[in-house]
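This report walks through selected strands, ring pairs and contacts of one protein model. The sequence and structure come first.

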Amino acid sequence: MSTHFFGLNDRSFSYSHSLGRNEFAGAGFRNPVDMAVNDNDVMYVVNRGYEYRTDGVHVSMVTMNEEYITEFGSYGSGPGQFVWPTAIALDGQGNVYLADEWLNRISVFNSEGEFLRSWPDGFEGGASQDDSARMIAFGAGPDIPAGKAGSGDGELDRPAGIAISNDGTLFLTDSRNHRIQKFTLDGKFLGKFGTFGSGPGQLNMPWGIALDKEGNVFVADWRNDRIQQFTADGTWQASFGQSGTGVGQFNRPNSVCVDDDGDIYVADWLNDRVQVLAPDGRFVTELRGDHVLSQWGKDKLNSNPDMIRQRALAYSHNPNYEKDFNHPCAVKIDAHGRLAVLDHFGGRIQVYTKTKDPVLV
């Protein structure tokens with residue numbers, strides 16, 4: 001005889017499909033860094049491109065079913081332009097908020113990609129380079145003067161992650177100020193929390209940020225190799241993880257999201273995996289990648305016989321070279337509960353579905 005413990009579930013994740021291919025424009029992504037998904041399955045993918053190919057710097061609009069819609073934005077410091085884009089989020093009206101860590105500003109677009117405004121205003125001058133592995137991997141050495149960095153209330157020094165609550169509060173990871181700042185959607189400063197360090201509630205270059213359905217704040221504490229959980233007012237609640245490659249350990253986690261069950265998904269960037277944690281931080285499972293060539297990828301191969309031969313040669317040396325994650329940089333849950341994983345060097349998104357089975361004891 002078995003006893004059913006209600007509320008306990010085993011989770012399993014099934015690979016659904018992939019979308020995207022490595023492209024500087026059009027039907028693909030190049031050095032993507034973040035994404036957002038609206039309720040109509042439209043995805044906004046931020047492409048960082050390269051210094052020598054600034055045409056790759058833009059936001060791609062596609063559907064979860066790999067339909068190309070359009071792209072918007074360009075490289076530069078003018079209205080609606082960006083240099084080192086880092087993060088993207090949507091408000092309740094579908095407007096798009098994009099962080100730029102070089103210009104130290106937030107740009108706002110409508111759902112169609114038309115520029116609306118940016119804040120804070122009046123940032124100009126220079127800022128020092130950061131020598132972290134993150135910067136090296138993303139590439140860049142912009143020929144545009146960097147935005148002026150500051151540490152005062154409402155000032156920014158390399159903004160890195162954005163999350164927007166249902167009441168319209170924007171939470172921003174201010175990475176080199178080692179804190180979280182809170183703003184209204186038009187950029188008015190509301191508050192801050194976090195200080196530099198490795199203790200509970202302290203941060204060292206925070207990167208990704210997410211909210212759960214209760215409004216709790218989850219931060220990918222990048223250089224501390226952990227996830228931290230706070231209340232909306234900044235009260236520390238818990239820390240999960242430590243440096244390493246083992247179960248529940250992280251190597252530069254850079255994105256986090258939480259589903260309606262409270263399960264936590266972490267892009268474990270340098271470990272090339274996504275880890276899934278229970279609401280209390282216990283390890284559940286990990287995903288390493290299951291990529292199958294997308295339709296966009298097939299279309300490109302069919303028009304490039306040389307590429308087909310090169311791909312066959314690569315497979316002969318490593319059968320999993322294309323399957324596995326290659327520096328996953330963003331994890332998001334869509335309106336249907338599907339998990340989307342953005343692959344930075346792979347230039348693609350892998351989509352998974354979740355199944356919950358009751359635990360019987």
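Strand β14 covers residues 179-183, and five of its five residues are buried. Buried means under 20% relative accessible area, exposed means over 50%, and partly exposed lies in between (1.4 Å probe, protein chains only). Strands here are DSSP runs (E, at least two residues), numbered from the N terminus. This is a predicted model: local features need pLDDT of at least 70, side-chain atom pairs count only at pLDDT 80 or more, and totals for chains, interfaces and linings use all residues. Residues are numbered from 1 along each chain as its sequence is written, and side-chain values use heavy atoms, with hydrogens and water left out.

In a regular strand the side chains alternate between the two faces of the sheet. Both faces of β14 are covered. Arg179, Gln181 and Phe183 are buried on one side. Ile180 and Lys182 are buried on the other.

Two strands pair if DSSP finds at least two bridges between them. β14 pairs with β13 (residues 170-174) over five bridges, in the antiparallel sense. Here Arg179 in β14 stands opposite Asp174. The hairpin of β13 and β14 has four residues between the strands, and His178 takes a positive phi near 55°. β14 is also joined to β15 (residues 189-193), by four antiparallel bridges. Phe193 in β15 stands opposite Ile180. Five residues lie between the strands in the hairpin of β14 and β15, where Gly187 takes a positive phi near 95°.

## An open sheet of four strands

β16, β17, β18 and β19 form an open sheet in that order, with antiparallel pairing. Its edge strands are β16 (206-211) and β19 (236-240), each pairing on one side only. Neighbouring strands are turned by 20° against each other on average, direction ignored. The axes behind such angles are lines fitted to C-alpha atoms, and angles run from 0 to 180 degrees between N-to-C directions.

Within this sheet, β17 (residues 217-221) and β18 (residues 226-230) run antiparallel and share five bridges. Phe218 has Gln229 in β18 as its bridge partner.

## Aromatic rings

Rings of Phe, Tyr and Trp (its six-membered ring) pair if their centres lie within 6.5 Å; planes under 30 degrees apart count as stacked, over 60 as edge-to-face and the rest as tilted. The count comes to 15 aromatic pairs. One of them is tilted: Phe24 and Tyr50, at 6.0 Å centre to centre and 55° between the planes. Phe24 lies in the loop between β1 (4-19) and β2 (32-37), and Tyr50 in the loop between β3 (42-47) and β4 (58-63), so the pair ties together parts 26 residues apart in sequence. Phe24 is buried at 12% relative accessibility. Tyr50 is partly exposed at 24%.

Phe109 and Phe115 pair edge-to-face, at 5.8 Å and 70°. Phe109 is buried at 1%, while Phe115 is partly exposed at 32%. Ring pairs link both into a cluster with Tyr44, Phe72 and Phe82.

## Charges over Phe24

A charge sits over a ring if NZ of Lys or CZ of Arg is within 6 Å of the ring centre and within 35 degrees of the ring normal. For Phe24, the charged end of Arg30 sits over the ring, 4.2 Å from its centre. The charged end of Arg53 sits over the ring of Phe24 too, 3.8 Å from its centre.

## His344

His344 is in the loop between β25 (339-343) and β26 (348-360). His344 counts as buried because its relative accessibility is 0%. A polar atom of the His344 side chain lies 2.8 Å from the backbone oxygen of Pro32.

Definitions and conventions:
Polar contact = N/O pair within 3.5 Å; in protein donor to acceptor, adjacent residues only side chain to side chain.
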